[in-house]
Amino acid sequence: MFDSVLDRGQGPRSRFGVGAGVSTLLHVGLLGLVAYLSTRPPPVEEKEVEVTLKATMAPPPPPPPPPAAAGGPALSPEQLADLESRCAKLDQLDYFELLGLERTAVPGDIKKAFYKESRVYHPDRFFHLESKALKDQVNELYKRVTEAYYVLRDDTKRKKYLSDIAGPDRAQKLRFTDASESETKAAAKKEQEEQIGTHPKGRQFYTQAQKDLESGNPSAAERNLKMALTYEPANARYKEALAEAQKQTADKSKGDSSFKIR
């Protein structure tokens, strides 16, 4: 074989030539692999990928809540002065003065005045005040304003209250107490009784007579009214009702007679 190669003029070849070429190729390949690995980014761990995906898919966090007002709603200097002044003389003001009303105020004016005070001094507007003294003033004023509205909106209570504060005991009657409530109810009951009659038996017969008239039985009403007058002979209301019952009885008798003639 070697002789044939030499005979062809190709010259002798080393028996190590092929091995040296392969070694060179392997060396160059390793150098290229090292260069490639040195420029490749480091591998990402599976956990890091998961965290990254979750972070990109999660919704954005909600915005922080607005800071709460530390001092509460501001009162103007005029309102603060008004609050101080009214609280200082709260026990000297009647309900009309407290609401800034005339004593001739009608229920509509009373309601408007109460709502006006509520918009400014309702305790819910001052729940986060830092000043306990100021909160106490607001609560006390609003409590008295509500009390004034409760009394003045009721016609019967307002009438009794007007009588109380116009009398010599005004200083002791500025507030409508439980005793005032009882007095008002007793006065209303007495007034009603006096309008009907002063004697219990007379009122009883009169009430029954009214029922008889409503049911269309004037003759029975006439009998009951005559009985009522035995207890109160001078009662004008009983006399008027008796005259009406007698008239209805007469008209009914005439109607019955006409029907029989026909």
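Let's start with a helix pair. Helix H6 (residues 107-121) and helix H7 pack at an angle of about 165°, and their axes are 10 Å apart. Helices here are DSSP runs of H or I, at least four residues, numbered from the N terminus. Axes are lines fitted to C-alpha atoms over the stretch in contact, and angles run from 0 to 180 degrees between N-to-C directions. H6 and H7 are therefore roughly antiparallel, a label for angles over 145 degrees.

A word on the source. This is a predicted model, where local features need pLDDT of at least 70 and side-chain atom pairs count only at pLDDT 80 or more. Residues are numbered from 1 along each chain, and side-chain values use heavy atoms, without hydrogens and water.

Next, H7 and H8. H7 spans residues 132-152 and H8 residues 155-165. Their axes come within 6 Å and cross at roughly 105°. That makes H7 roughly perpendicular to H8, the label for 65 to 115 degrees. Tyr-150, Val-151 and Leu-152 in H7 meet Lys-157, Arg-158 and Tyr-161 in H8.

Last, confidence. The chain's mean pLDDT (the predictor's confidence in each residue, from 0 to 100) is 76. Of its residues, 64% reach 70 or more. Over residues 1-16 the pLDDT is below 50. Residues 51-72 are also below 50. Where pLDDT is low, the predicted coordinates should not be read in detail.

Terms used
Helix = DSSP H or I, 4+ residues; strand = E, 2+ residues; numbered from the N terminus. Parallel < 35°, antiparallel > 145°, perpendicular 65-115°, else oblique. Contact = heavy atoms within 4.5 Å.
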